Amino acid sequence: MELRGVLCLYVAKAVAHERKIMKLLVIEDDVETAEYIASGLRQQGHVVDMARDGRDGLFLATGETYDALIVDRLLPVVDGLNVVKTLRSTGSQTPILFLTTMGGVDDRVEGLDAGGDDYLVKPFAFVELIARLNALARRPPISNDESCIRLGPLEIDFVRRTATRDGQTLDLLPLEFRLLEFFARNEGRIVTRTMLLERVWEFHFDPKTKVVEANISRLRTKLDKPFETPLLHTIRGAGYVLRAMDDLERA
Amino acid sequence: MNWFRSTPGRFALFQAAIFSVLLVVLVSIIYVLASDEFEETLTEGISKTVKHLERVYVRKGTDGLAAEVRRQMRASRMHGYFFDLRDADGVRVHGNLPDDAFKEGWGTTHIFEDPDDVEDNDPTTVITYGLKLDDGSTLVVGGNHERADDLTEIILDASIWTFGLTVLFAISSGAVILHWNLRRMALITDTSRAIIDGDLTQRIPIRGTNDEFDRLSININDMLQRIEELMETMRQVTNDIAHDMRTPLGRLRQNLERAKNEQKSVEGLRESVDQAITATNQIIETFNALLSIGAIEAGRPRAGFADVDMSALFMRLFESYEPVAQNNDQVLVQKISSGIRFRGNRQLLSQLVANLIENAVNHCPPGTTIILCLRAEASGLVFSVCDNGPGIPDDEKDRVLRPFYRLEKSRTSQGNGLGLALVQAISRLHGFELALVNNNPGLCVGLRSVQTA
């Protein structure tokens with residue numbers, strides 16, 4: 001057994017139960033879409049405010065505190081991009097998700113540059129929206145500064161790019177490590193296929209092959225198969241989730 | 001021919017004007033220099049004569065002077081000198097100048113050369129020098145300005161001729177150029193008009209002289225070719241969309257109808273709805289792909305070009321697709337040179353290569369080997385995805401790049417046929433040359449760029 005350097009001391013704390021109620025603001029001018037989003041979110045238990053144009057949206061957003069904003073880009077009076085820019089210029093750190101038909105290669109970059117945290121193109125699946133909101137609205141338990149973390153049996157060294165489970169080194173290829181890293185940073189939260197494609201692969205298109213599935217399968221072979229308990233789970237119709245910490249560690 | 005409406009016409013007129021002005025200036029200079037020279041010679045001569053006569057007066061007195069003047073007059077007939085000697089009362093002693101010729105110092109007067117010729121209307125100018133002597137008599141010595149006058153006339157004539165000829169030349173050469181120009185322009189404008197009126201197949205004739213008109217015409221023809229291709233593509237796409245969308249749209253309708261009519265259980269309903277959603281997703285995907293192709297063809301993403309580590313990008317793609325190939329019982333191999341960089345849009349380049357790999361994976365049977373290649377050559381970078389699968393029949397190679405074209409044998413499989421059209425759009429945006437080559441067996445899709453980062 002090789003001598004390891006500094007022991008990985010940082011032990012992550014799990015996020016609070018995902019069913020925590022969020023206060024959300026939806027700025028969308030199309031009535032049907034707005035109702036669809038709002039009712040879906042309310043069904044999940046969240047509190048939803050709505051605005052029909054950019055000016056109202058800005059007014060509400062600056063007056064109240066929200067866990068996250070869902071903003072359409074094409075809005076009357078003040079357009080989505082300007083709403084976000086204005087909010088950011090006031091120092092607001094509220095997570096903002098763009099929800100828009102403008103799905104071009106440059107549009108996404110524009111949205112993120114303006115201060116958006118995520119960009120979802122319409123039409124979208126509702127699970128996608130939920131998964132992304134969860135990813136945005138919770139403060140991550142693992143800050144990006146940590147070089148090494150421990151999640152239950154898993155230990156991941158971001159600097160040396162190594163991972164171990166129960167002390168055993170996992171022989172991961174670079175892509176597999178990046179996958180595991182992404183799951184680890186989103187431990188306990190559902191991660192959709194599209195999120196994986198966008199963040200891990202940086203593909204902004206839909207592949208015609210089962211790239212994600214094949215690589216998850218590979219990861220599972222190395223991460224779960226040799227051990228008793230599977231950490232990586234598939235949630236049908238939604239995505240995948242890494243549950244490495246047991247309930248005792250959850251606040 | 002309207003001279004002012006064409007550039008060569010205006011230029012010819014401009015040239016004529018410039019030349020005229022230059023000529024006038026030149027002629028003036030010559031005139032001034034030459035006439036100065038003449039004047040100097042003349043006045044020098046007069047001065048010399050005056051001095052000589054003064055000396056005679058001093059030595060021989062008034063009578064001696066008179067005799068000398070008479071002698072000089074007779075001798076001077078041919079030299080063009082004139083004299084006038086008058087006594088203190090103004091009575092002429094000797095002379096051939098008019099009465100009012102005397103003026104102290106330098107002056108001018110006019111005489112008629114031949115006093116017998118009454119028809120002579122052309123007086124000659126005479127430069128005079130007048131001298132008052134001690135005893136009151138006056139002496140005038142004059143010189144014929146005729147040569148200088150003649151000179152002026154000659155120069156004037158010459159300049160009028162030259163002016164006339166130059167202007168004539170400028171205008172006639174201008175006219176030739178203008179005519180020639182108009183003819184070439186007329187070719188272009190006429191053909192353009194025919195094209196605008198609807199006949200896209202027309203092209204501007206090239207004369208083969210490789211002059212600027214030819215080069216312009218070649219470029220316009222290339223533009224027209226591109227427009228024709230785009231229009232043809234559009235026509236084909238609209239056709240193909242209608243054709244290809246019918247399947248998922250049909251399925252969508254069927255599922256919804258089934259849900260309405262047949263399904264009694266909630267589970268059954270849910271299943272029909274799920275299938276309807278799947279069909280809808282397929283349609284959405286197709287439209288997204290179409291939109292991206294449209295945006296890419298319009299060249300917009302070029303603004304987002306940056307320096308891309310191509311070797312790393314390719315390696316990532318190899319890593320990603322290696323398990324996919326393995327699941328298909330295929331082998332994915334890489335021949336990626338390191339350190340290759342390129343200026344482009346990273347997302348689109350990813351999509352391009354991913355597309356090619358996926359095509360190979362999806363269209364080749366189990367057991368196929370697929371090779372992903374990237375290398376740099378002197379002229380730029382070269383990459384390819386080659387397989388030893390069934391390949392594409394030669395006659396379908398050209399059509400395969402069109403949007404929605406599906407090889408006959410793959411018409412039934414998944415996908416919407418936009419893959420290679422997207423590949424072509426992205427490669428065009430980045431200035432790649434795309435080639436489909438028979439790999440014997442199998443297909444090789446190769447791209448080459450002449451740009452290096």
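A polar contact, as I use the term today, is a pair of N or O atoms within 3.5 Å; within protein, one of the two must be able to donate a hydrogen and the other to accept it. I start there because the term comes up when we reach the interface, where polar contacts are pairs of this kind. The model is a predicted one.

Let me take chain A by itself. Chain A has 251 residues, and 51% of them are buried. Its secondary structure consists of eight helices and 11 strands. Take the contacts in chain A between residues at least 6 apart in sequence: 61% of those join residues at least 24 apart. The accessible surface of chain A is about 12,300 Å², with carbon and sulfur atoms accounting for 52% of that.

Ile70(A) sits in strand β3, which covers residues 68–71 of chain A. Is Ile70(A) buried or exposed? Ile70(A) has a relative accessible area of 1%, so it counts as buried.

Now the interface. Chain A puts 21 residues into the contact and chain B puts in 25. The area buried between the two chains is about 2,100 Å², and carbon and sulfur atoms give 53% of it. Between chain A and chain B there are 10 residue pairs in polar contact, counting pairs with both residues at pLDDT 80 or more. On chain A, the elements that give two or more residues to the side touching chain B are α4 (105–114), α6 (174–185) and α8 (211–223). The largest share of that side comes from α8(A), with four residues.

How many salt bridges are there between chain A and chain B? The count is two. A salt bridge joins the side chains of Glu202(A) and Arg346(B), at 2.2 Å from N to O.

Last, a surface feature of chain B. Phe11(B), Phe14(B), Ile18(B), Phe19(B) and Leu22(B) make a nonpolar surface patch of about 500 Å². Leu22(B) belongs to helix α1 of chain B, residues 7–76. With a relative accessible area of 51%, Leu22(B) is classed as exposed, because the cut-off for exposed is over 50%.

Key. Residues are numbered from 1 along each chain as its sequence is written. Chains are lettered from A and ligands numbered from 1 in the order in which they are written. This is a predicted model: local features need pLDDT of at least 70, side-chain atom pairs count only at pLDDT 80 or more; totals for chains, interfaces and linings use all residues. Side-chain values use heavy atoms; hydrogens and water are left out. Patches are made of residues with over 30% relative accessible area and no salt bridge: like charges are joined within 9 Å, nonpolar side chains (Val, Leu, Ile, Met, Phe, Trp, Tyr) within 5 Å. Accessible areas come from the Shrake-Rupley method with a 1.4 Å probe; for residues, only the protein chains shown count as cover. A salt bridge is a side-chain nitrogen of Lys or Arg within 4 Å of a carboxyl oxygen of Asp or Glu. Buried means under 20% relative accessible area, exposed over 50%, partly exposed in between (1.4 Å probe, protein chains only). Contact means heavy atoms within 4.5 Å. Buried area is the accessible area (1.4 Å probe) that two parts lose on being put together, summed over both. A polar contact is a pair of N or O atoms within 3.5 Å; within protein, one must be able to donate a hydrogen and the other to accept it, and residues adjacent in sequence count only if both atoms are side-chain atoms.
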